Amino acid sequence: MLKKGSKLNSILTGSCPKCQNESMYVDKNPLHLGKVLKMNENCSHCGLKYQIEPSFFYGAMYVSYGLNVAVGIAAFIISHVFIGLNLVHSFIAIIGTLVVTFPFVLRWARNIYINMFISYDQNASKE
């Protein structure tokens, strides 16, 4: 499932979508909030420029919106339907869940967005 060459591998690990040999991010830990969006300019292995065009990752905001809606709905279903909390406590659970998953969703949105445009190339090498 997470074998090299799959988009899911690149999305979940934050690795270069073209060669999947290194992380796109300066700091691999998304919990270091000051560095959560700091990315390398290029992949040192294949030379892929991550910022494909100016303001490229603004499109990732739409992906982030969709991910946050999905996380919020999942939190509501778990808290209200399965656990049986009332509506006020369910909405508190949604807000708490969104705050906790914030750094992960930011990176997943960028990873998904760049993987929509770049495909894995097993022959990728620095030119």
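Helix H2 (residues 60–82) packs against helix H3 (residues 87–115) at an angle of about 145°, and the two axes lie 7 Å apart. Axes here are lines fitted to C-alpha atoms, for helices over the stretch in contact, and angles run from 0 to 180 degrees between N-to-C directions. The model is a predicted one, in which local features need pLDDT of at least 70 and side-chain atom pairs count only at pLDDT 80 or more, while totals for chains, interfaces and linings use all residues. Residues are numbered from 1 along each chain as its sequence is written, and side-chain values use heavy atoms, with hydrogens and water left out.

The crossing of H2 over H3 is right-handed; a crossing is given this name if the near helix is turned clockwise from the far one by less than a right angle, and is left-handed if the turn is anticlockwise. The contact of H2 with H3 comprises 15 nonpolar, 8 polar and 1 charged residues. In this classification Ala, Val, Leu, Ile, Met, Phe, Trp, Tyr, Cys and Pro are nonpolar, Asp, Glu, Lys and Arg are charged, and the others, Gly among them, are polar.

The protein chain contains 3 helices and 0 strands, in the order α-α-α from the N terminus on. These elements are DSSP runs numbered from the N terminus, with at least four residues for helices (H or I) and at least two for strands (E). Along the principal axes, the C-alpha atoms of the protein chain fill a box of roughly 60 × 30 × 25 Å. Of its 127 residues, 36% count as buried, where buried means under 20% relative accessible area, exposed over 50%, and partly exposed in between (1.4 Å probe, protein chains only). Leu67, in helix H2, is partly exposed with a relative accessible area of 22%. The C-alpha atoms of Leu67 and Glu41 are 25 Å apart in space, and the two residues are 26 apart in sequence.

Gln20, in the loop between helix H1 (7–13) and H2, has a positive phi near 55° although the residue is not glycine. The relative accessibility of Gln20 is 8%, so this residue counts as buried. Ser55, likewise placed in the loop between H1 and H2, has a positive phi of about 60° and is not a glycine either. At 42% relative accessibility, Ser55 counts as partly exposed.

The structure holds 6 aromatic pairs. A pair of aromatic rings is described by the distance of the centres and the angle of the planes. Rings of Phe, Tyr and Trp (its six-membered ring) pair if their centres lie within 6.5 Å; planes under 30 degrees apart are stacked, those over 60 edge-to-face, and the rest tilted. One of the pairs, Phe76 with Phe91, is tilted, with 6.0 Å from centre to centre and 35° between the planes. This pair links distant parts of the chain, since Phe76 belongs to helix H2 and Phe91 to helix H3, 15 residues apart. Phe76 is partly exposed at a relative accessible area of 24%, and Phe91 is also partly exposed, at 46%. The ring centres of Phe104 and Trp108 are 6.1 Å apart and their planes meet at 35°, so this pair is tilted. Both residues of the Phe104 and Trp108 pair lie in helix H3, 4 residues apart, about one turn of the helix. Phe104 is partly exposed, with a relative accessible area of 28%, as is Trp108, with 32%.

One aromatic cluster is formed by Phe56, Phe57, Tyr113 and Phe117. The charged end of Arg110 sits over the ring of Phe57, at 4.7 Å from the ring centre. Arg107 lies over the face of Tyr25, 4.1 Å from the centre of that ring. A charge sits over a ring if NZ of Lys or CZ of Arg is within 6 Å of the ring centre and within 35 degrees of the ring normal.

A search of the whole structure finds 0 disulfides, a disulfide being a pair of cysteine sulfur atoms within 2.5 Å. The cysteine sulfur closest to that of Cys19 belongs to Cys43 and is 3.5 Å away, too far for a bond. Cys46 is likewise in no disulfide, and the nearest cysteine sulfur, in Cys16, is 3.6 Å away. Cys19 counts as buried at 2% relative accessibility, and Cys46 counts as buried at 6%.
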